[in-house]
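Hi there,

Here is the structure I promised to pass on. Have a look at it first, and then read on for what turned up.

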Amino acid sequence: MSTPTVPVPSDAPRPETALWRYAIAAGAVLALGLVVVARLVLLQTGAERNWLAREVREGYAESVPLPRGLIYDRDGHLLAGDRPAYEVDVRLAAVPLEALPQIARDLAAVLGLDEGALVQALVNNKNKGVAAVLVSNRVSDQQKAMLEARARAWKVAGPEGKPVPLRGALTFVRRLVRYYPEGDLAANVLGFVAVGSGDGYGGVEQYYNKLLKGGVAWVHYPYAPWHQDDEQQQPAPQPVALYLTIDRPLQRAAEEEAWRAVQHTKAESATIIVADPYSGALLAVGQYPRPNLNDYRAIQEHLKKWDALDFAVERSYEPGSVFKVVTMAAAVDAGKVTPQTVFHDVGTFQVPGRTVWNWNRGAWGDQSMIGCLQHSLNTCLAWVAVDRLGKQPFYDYLQAFGFGRPTGVDLGGELPGYYRAPGTKYWSHSDWASQAFGQAIDVTPMQMIAAASAIANGGYLVTPHVLQYEVVDDRAYPYHPDPPPQVISAQASRTMRQMLTESLKGESSAALVDGYSVAGKTGTAEIAVQGAGYITSATNASFVGWFPAEKPQYVIYVWLERPKTSIWASVVAAPVFANMVQRVAAIEHVPPDRIREQLSAAEAQQP
Amino acid sequence: MSTRFYRMTQAYRELPWRRRMRWLLGVLAAALVVALVFAFEVHLSAQALMLDYRLRALQQQTLSEEQDIVVLQTHLAAMQSIEVLLREAEAQGYQPVSPGQEHFVPVPPNALPKTDVKVPQAGLRPWTGEPPLPKAYTISLIHWLSRYLLLEPTP
C-alpha cells in the first residue's frame with residue numbers, strides 16, 4: 001500500500017519554474033495589449049501618416065470646371081455666358097489603320113473639316129504610334145449626338161473575318177466654353193475668350209480676366225480623417241458676375257447707326273460712343289464692322305484685317321477740328337479769350353516752319369470765337385493756342401485733359417495716343433499750331449469722349465468706364481473711380497456749352513434735332529500717309545457733342561473712317577450724330593426741351 | 001526612491017501567485033479601457049469621415065448644378081436676345097418708335113423724370129478727402145439695389 005499523497009497547501013510556494021512560465025505568458029499578453037493600444041493611439045494622432053502610401057494619406061480629388069463669370073448689361077440682360085462644348089479625340093490605339101478613312105469621313109462631315117487633311121493627320125499619327133489625337137474642342141451637343149450615332153455603325157474585321165462593331169474609337173470630354181447670346185452685339189466692348197488658355201482678349205474679357213476666369217474647382221475626398229479639416233479650409237472659387245453700364249437698346253441703336261453710316265457714306269468703319277458725361281459711364285460703344293463673337297474664324301479674320309477689336313480704345317487717329325473744342329476750352333478757362341474776342345482772319349497764320357491755312361483756303365475777316373468754331377477756322381485756333389494761350393499753358397491743358405496717356409477705361413488694349421511736346425525730339429512750333437486744330441496729335445475716340453465730358457459737365461475729367469458693379473457671392477461692389485480732377489472751371493464749361501450750341505445753330509448744322517438743343521463740333525481730318533503727307537481725298541470725319549445742350553445728359557462721339565460720298569464731317573458725321581440723338585431720346589424717354597422747361601417750371605413752383 | 005522601488009518589487013516577489021495574477025489582470029483591464037476609448041474615437045472619426053464624404057459629394061453636386069444653371073441662363077438669354085425679340089415684335093406688327101411719335105404730356109405736379117441718375121454719380125461729387133463710395137459693400141445685393149435705386153444715402 002502506497003503512502004497517500006499529501007496535498008500541497010495552496011499558500012505554499014510553487015516551484016520557481018512554474019512562476020516563470022506564468023510571468024512569460026502574462027508579459028506576452030500585456031505586450032500584445034500595449035501594441036494594440038499604441039496602434040490605436042498612433043492612428044488617431046496621425047503620427048504614422050508618413051508611413052502610409054501617398055494616395056492613402058491624401059485620398060483622391062475630382063475636378064469640376066467652373067463657368068467663366070457672367071457679364072450683364074445695366075438692366076441685367078446677359079451679354080456673355082457659358083455653354084457646354086466637347087473635346088473629341090480619336091483613340092488611335094484602339095482603331096485599326098483601315099478604319100481611319102471611315103472615321104475621318106464622318107468626323108469631317110459632322111464637324112465641317114477637310115476630310116483629306118484629317119485622314120492624312122490620323123494616318124500619320126497612327127504610324128508614329130501616337131495614342132490619341134485631338135480633333136476639335138468646340139463640339140456642340142448636337143454634333144456629339146450625330147457623331148455618336150455614326151460611330152455606332154462603324155465596323156472592323158473581326159478575328160474570323162466577320163465585321164464586328166468598333167467601340168471606343170472616340171472620346172468626348174465635356175467642358176464649358178464662352179457663348180455670347182447676343183451674337184455680335186457689343187462684340188468690341190466684350191472681347192472674346194481664347195479656347196485653349198481660357199483667357200480673355202480685348203474689351204471687358206481682357207480687362208477683368210482675373211475676375212472672370214473660372215478655372216477648375218477640385219473636390220477632395222481624403223481617406224485619412226486628419227485631412228478633413230485641412231481640405232475644408234479651401235472653399236471653391238466664387239463665381240463673379242459683372243454688370244456693365246452698357247445699355248442693350250442703346251448699344252443696338254449705336255451699332256445700327258454705325259452700320260447705316262457705313263452703308264450711306266461708304267466709310268471703311270464707323271464708331272459711335274454714347275456716355276454719361278457726369279459719371280463717365282459708357283452707355284453704348286457701337287462699331288461697324290465687328291465680328292460675331294461666337295464665330296472664332298470671324299474674330300480671326302477681323303483681327304487680321306483691323307488689328308484691333310475695339311476701335312474706340314485700340315485705334316488712334318488725328319481727330320481734326322473736333323479737337324478745337326479742347327483748345328478753345330483751355331483758352332476760355334485761362335481767361336485768354338471770351339466768346340466775344342475777335343480774330344481778324346486773313347486766311348493764313350504764320351508760325352516758324354509752317355503757314356496754317358483754313359480748310360477752304362479762304363479768309364473770313366473778323367470773327368468772334370463762336371464764329372471761329374462755327375466756321376472751323378484753323379488759323380483762328382492756331383492763333384488762340386500760340387498767340388493767346390501760350391506754349392506751356394497749352395501743353396499743360398493737353399496733359400490735364402488726359403491726352404498722350406490712357407484714360408484708364410476698363411477695356412483691354414487701350415492705346416495712350418501720342419503728341420509731340422516741347423522738349424521731346426523733333427518738336428517744333430508747327431506741332432504746337434497744328435495740335436491746336438487737331439493735327440499732329442493722335443487720340444483715341446475714348447480720350448475725346450472723356451475730354452468732351454469734362455467740357456460738358458462742369459470741368460471734371462471723369463474716367464470712362466463700363467463696369468457698373470461686380471457681384472461676388474451675392475454681394476455687389478460698385479465701380480469706384482478716383483475723384484475726377486477738375487481741368488476747367490464750371491464757368492468755362494458753361495461758356496463752352498453756350499458757344500458750341502450757338503456755333504451749331506449758326507451754321508444750321510445737320511446735327512441739329514427738332515425739339516432738342518444740342519451742342520457740338522464737327523471734325524474733318526485729312527489722313528497723313530507715310531511719304532505723301534496729308535491727302536485730301538481721304539479723311540477721318542468726326543463729331544463730338546451732347547444733349548440737352550445746357551444740362552447735358554448724353555455725350556456722343558461719332559467717327560467715320562475714310563467716308564467716300566463726302567469727305568466733310570458736316571455732311572457725313574453730323575447727320576449720324578443727329579440720328580443718334582433721336583434714337584437716344586426715344587429709347588431713354590428724354591422729353592423735348594419745351595416739355596422739359598414746362599416740367600422745370602412746374603417743379604420750381606412747387607412749395 | 002530606489003528603496004521604495006525595491007520594497008515594491010520585493011513585496012510583489014513575495015506575493016502569492018493569485019495576487020500576482022490580479023495585478024497582471026488589472027493592468028490588462030486598464031489597457032483594455034484605453035483601447036476601448038481609442039476604438040470609440042476611431043468609430044466616431046469614421047462616422048465623421050463618411051459624413052464629410054457626403055458633404056463633399058454635395059459640394060461637387062452644387063458646383064455641377066451651378067454649371068447647369070449658367071448653361072440654362074445662357075440658353076434663355078439666347079432665346080431672349082434683342083435680335084430675337086425685335087424679330088418677334090415685328091412679326092406681331094410692332095414698329096420701333098421714333099422721337100416724333102412720342103408725346104410727352106406734362107402733368108403737374110409731376111416733376112422731370114430722373115433719367116440722368118442710372119449709374120454711380122461720381123463726376124460732380126465734391127471731393128472731401130473721403131472716397132465718395134465705400135470700398136466694398138457688406139450688404140446683400142437686394143438691399144444694395146433697393147437703396148441704390150431709391151437713392152437712399154449709403155451707410
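Let's start with a hairpin: β15(A) and β16(A) have two residues between them, and Gly353(A) there takes a positive phi near 95 degrees. Strands here are DSSP runs of E with at least two residues, helices are runs of H or I with at least four, and both are numbered from the N terminus. Strand β15 (residues 348-351) of chain A runs antiparallel to strand β16 (residues 354-357) of chain A, joined by four bridges; strands pair if DSSP finds at least two bridges between them. Val356(A) in β16(A) is the bridge partner of Phe349(A).

A note on the source: this is a predicted model, where local features need pLDDT of at least 70, side-chain atom pairs count only at pLDDT 80 or more, and totals for chains, interfaces and linings use all residues. Residues are numbered from 1 along each chain as its sequence is written, while chains are lettered from A and ligands numbered from 1 in the order in which they are written.

Buried means 20 or more other C-beta atoms within 10 Å of a residue's own, exposed means 12 or fewer, and partly exposed is in between, with C-beta atoms placed from the backbone.

Over in chain B, none of the 10 residues of helix α3 (residues 82-91) is buried, so the helix lies largely in the open. Just after α3(B), Gly93(B) has a positive phi of about 95 degrees.

Best wishes
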